[in-house]
Amino acid sequence: MPRIPIALLVTALAGHASAQGQTTAPTAGASQEATPTGAAAARRVAASRLGACFRLQPAYPVAALRNEQEGQTVVAFTVAAAGQIQNPGLLRSSGHLILDHAALAHLNQCIASVSTQPDDALPPGRYALPMVWRIE
């Protein structure tokens with residue numbers, strides 16, 4: 001029987017970032033570099049339109065599936081004082097370029113698809129979003 005991708009597991013929104021840039025276990029919280037802190041900020045990201053979009057499962061990259069590549073990619077973005085989402089980028093690699101590109105492309109698609117309505121604006125700061133890629 002072929003292995004079927006579970007596609008993507010988003011383990012936590014706004015994961016903690018350590019001083020070395022590593023992400024800890026899947027707990028909710030904001031990056032230490034961010035102005036927002038604690039579980040309340042993480043819940044706000046999770047409840048936002050960006051968080052909802054990010055939780056949608058993108059397709060598992062075919063080449064990564066074929067090569068049985070798995071890992072955790074951590075992407076990050078900044079929320080400016082006026083609420084604009086800026087500077088999306090890779091915070092930590094999964095060790096597989098194709099998975100990293102897919103995670104960043106998914107984040108960019110989510111950023112492009114959400115509006116910055118005042119009622120949905122995130123507090124200014126830097127946020128990290130871990131994505132776990134696993135084949136089962």
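The following is a conversation about a predicted model of one protein chain.

Biologist: What should I know about the model before we start?
Modeller: The model is predicted, so local features need pLDDT of at least 70 and side-chain atom pairs count only at pLDDT 80 or more, while totals for chains, interfaces and linings use all residues. Residues are numbered from 1 along each chain as its sequence is written, and side-chain values use heavy atoms, with hydrogens and water left out.

Biologist: How many helices and strands are there in the chain?
Modeller: The chain has 4 helices and 3 strands. Here helices (H or I, at least four residues) and strands (E, at least two) are DSSP runs, numbered from the N terminus. Along the sequence the pattern is α-α-α-β-β-α-β.

Biologist: In what order do the strands sit in the sheet?
Modeller: The 3 strands form an open sheet in the order 2-1-3, with antiparallel pairing. Two strands pair if DSSP finds at least two bridges between them. Strand 2 (85-92) and strand 3 (125-133) are at the edges with a single partner strand each, so one side of each has no neighbour in the sheet. From one strand to the next, the twist averages 25°. Such angles run from 0 to 180 degrees between N-to-C directions, and the axes are lines fitted to C-alpha atoms, for helices over the stretch in contact.

Biologist: And how many bridges join strand 1 to strand 3?
Modeller: There are 9 bridges between strand 1 (residues 71-79) and strand 3.

Biologist: Which residue takes a positive phi in the hairpin of strand 1 and strand 2?
Modeller: That residue is Gly83, with phi near 95°; the hairpin has 5 residues between the strands.

Biologist: Changing topic: which strands does helix 4 lie across?
Modeller: Helix 4 (residues 97-113) lies across strand 1, strand 2 and strand 3, and runs at about 35° to strand 1. Helix 4 has 17 residues and reaches 24 Å from its first C-alpha to its last, close to the 24 Å expected at 1.5 Å a residue. The expected span is 1.5 Å times one less than the number of residues.

Biologist: Which residues of helix 4 are buried?
Modeller: The buried residues include Leu99, Asp100, Ala102, Ala103, His106, Leu107, Cys110 and Ile111. Buried means under 20% relative accessible area, exposed over 50%, and partly exposed in between (1.4 Å probe, protein chains only). The cover over the buried residues of helix 4 includes helix 2 (49-55), helix 3 (62-66), strand 1, strand 2 and strand 3.

Biologist: You listed Cys110. Which residue forms a disulfide with Cys110?
Modeller: Cys53 does, with the two sulfur atoms 2.3 Å apart. A disulfide is a pair of cysteine sulfur atoms within 2.5 Å, and a search of the whole structure finds 1. Cys53 lies in helix 2 and Cys110 in helix 4, so the pair ties together parts that are 57 residues apart in sequence.

Biologist: Is the link left-handed or right-handed?
Modeller: The link of Cys53 and Cys110 is left-handed, with -80° about the S-S bond. Cys53 is buried at a relative accessible area of 16%, and Cys110 is buried at 0%.

Biologist: Where is Gln69 found, and what does Gln69 touch?
Modeller: Gln69 is in the loop between helix 3 and strand 1. Gln69 counts as buried at 18% relative accessibility. Leaving aside residues up to four places away in sequence, Gln69 touches Tyr60, Ala64, His96, Ile98, Leu99 and Ile135. Contact means heavy atoms within 4.5 Å.

Biologist: Where does Ala42 lie?
Modeller: Ala42 lies in helix 1 (residues 38-47) and counts as buried at 2% relative accessibility. The C-alpha atoms of Ala42 and Ala128 are separated by 10.0 Å, although these residues are 86 residues apart along the chain.

Biologist: Finally, what share of the chain do buried residues make up?
Modeller: Buried residues make up 44% of the 136 residues.
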